[in-house]
Amino acid sequence: DAQQILEGMRYPLADAGALVIFRDVTRIRQLEQVRQDFVANVSHELRSPLTVVRGFLENMLDSPIAADDEVSSQLRLMEQQTLRMQSLVEDLLSLARMEAAEANPEHCETLMIAAMIHNTLDTLAPAIVQKRLQIDTALDGDLGIFAETIDLTSIIRNLLENAIKYTPADRTVSVRWERRSGDLRLVVQDTGDGIAAEHLQRITERFYRVDKGRSRRMGGTGLGLAIVRHAVERYQGYLEVASEVGKGTTFTAHFPLHLARSFPSDSAVS
Ligand code: ADP
């Protein structure tokens, strides 16, 4: 009953025009849908048991049995791992939601990106201060974007978290939000170790990590950049990454111009 989907590939021919080859991708699309639904359902089902386990762990940590140092340190480890699983489940659900559909205009509103960036930087202040990082910002405060809050929150948070995480102490991270002639751009540039060319292609794949051990120690689910990419693509935008080993990495999220909204600073204050 599924509609048959044919995808055409156009090949230019030397002088006789073009050749178009169609192949039936119905089955591939169906399997992809099954995969997406499966991941979304499993993640959803894992939510409640994890909440229950975490709740009981917290109770135990507050109870007299936690007076024993050995017991309390084991309970804390269990709590940490439960939190890690919860972040994984939430990230998998975000990804499933973003893959499922393009942005819905009914859920979109004018977002003040400059303010969102400042808020995110505030929540990341402990890491910034600890590493004595300098944060340079060049944000167009009047430039808003018509989008879903959750998407832009994920994009900003994940890019800034990574830049801060993968930049050594005493260096600089810069953030720009601007309108260019062709598009709207969010640019997050770090002065970290950079990413080698062979990894760059795969960096937005789910769970892909350049250095597995290091990334796991640093926390994070390995889903951050997959989420960023999908969130940008929901708006027909694209994510660009440029990196030089030893110098740093620049992530640029490009959004179409028609999403621009002006946000006069005076109305933002009221
Ligand atoms: P993670 O949770 O591991 O940070 P991400 O999807 O956010 O997962 O990133 C995938 C991998 O890309 C990371 O494990 C890291 O190896 C690499 N990476 C991401 N951002 C940067 C960056 N700014 N500088 C260097 N490497 C990065």
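## Contacts and overall build

Take the contacts between residues with a separation of 6 or more: 68% of them join residues 24 or more positions apart. Keep in mind that this is a predicted model. The protein has nine helices and ten strands, and its C-alpha trace spans about 80 × 50 × 45 Å along the principal axes.

Of the 270 residues, 36% are buried. The accessible surface comes to about 16000 Å², with 54% of that belonging to carbon and sulfur atoms.

Ile21 sits in strand β2 (residues 18-24) and is partly exposed, at 42% relative accessible area.

## Charges and salt bridges

There are 30 positive and 38 negative charges, and their mean positions lie 4 Å apart. The salt bridge count is 17.

Two of these pairs sit along helix α1. Glu32 and Arg35 bridge with their closest N and O atoms 2.8 Å apart; they are three residues apart in helix α1 (residues 26-62), so about one helical turn separates them. Arg54 and Glu58 also pair up, at 3.4 Å from N to O, and they are four residues apart in that helix.

Arg206 bridges to Glu99, with 1.9 Å between the closest N and O atoms. This pair ties together distant parts of the chain, 107 residues apart: Arg206 is in the loop between α6 (197-200) and α7 (212-217), while Glu99 is in helix α2 (residues 69-100). Arg206 is partly exposed at 32% relative accessibility, whereas Glu99 counts as buried at 19%. Through shared partners, salt bridges join Glu32, Arg35, Glu99 and Arg206 into one network.

Key:
Residues numbered from 1 in each chain as written. Predicted model: local features only at pLDDT ≥ 70, side-chain atom pairs only at ≥ 80, totals over all residues. Heavy atoms only, no water. Helix = DSSP H or I, 4+ residues; strand = E, 2+ residues; numbered from the N terminus. Buried < 20%, exposed > 50% of the residue type's maximum accessible area, 1.4 Å probe, protein only. Contact = heavy atoms within 4.5 Å. Areas by Shrake-Rupley, 256 points an atom, 1.4 Å probe, with all protein chains shown as cover. Lys, Arg positive; Asp, Glu negative; His and termini not counted. Charge placed at Lys NZ, Arg CZ, Asp CG, Glu CD. Salt bridge = Lys/Arg side-chain N within 4 Å of Asp/Glu carboxyl O.
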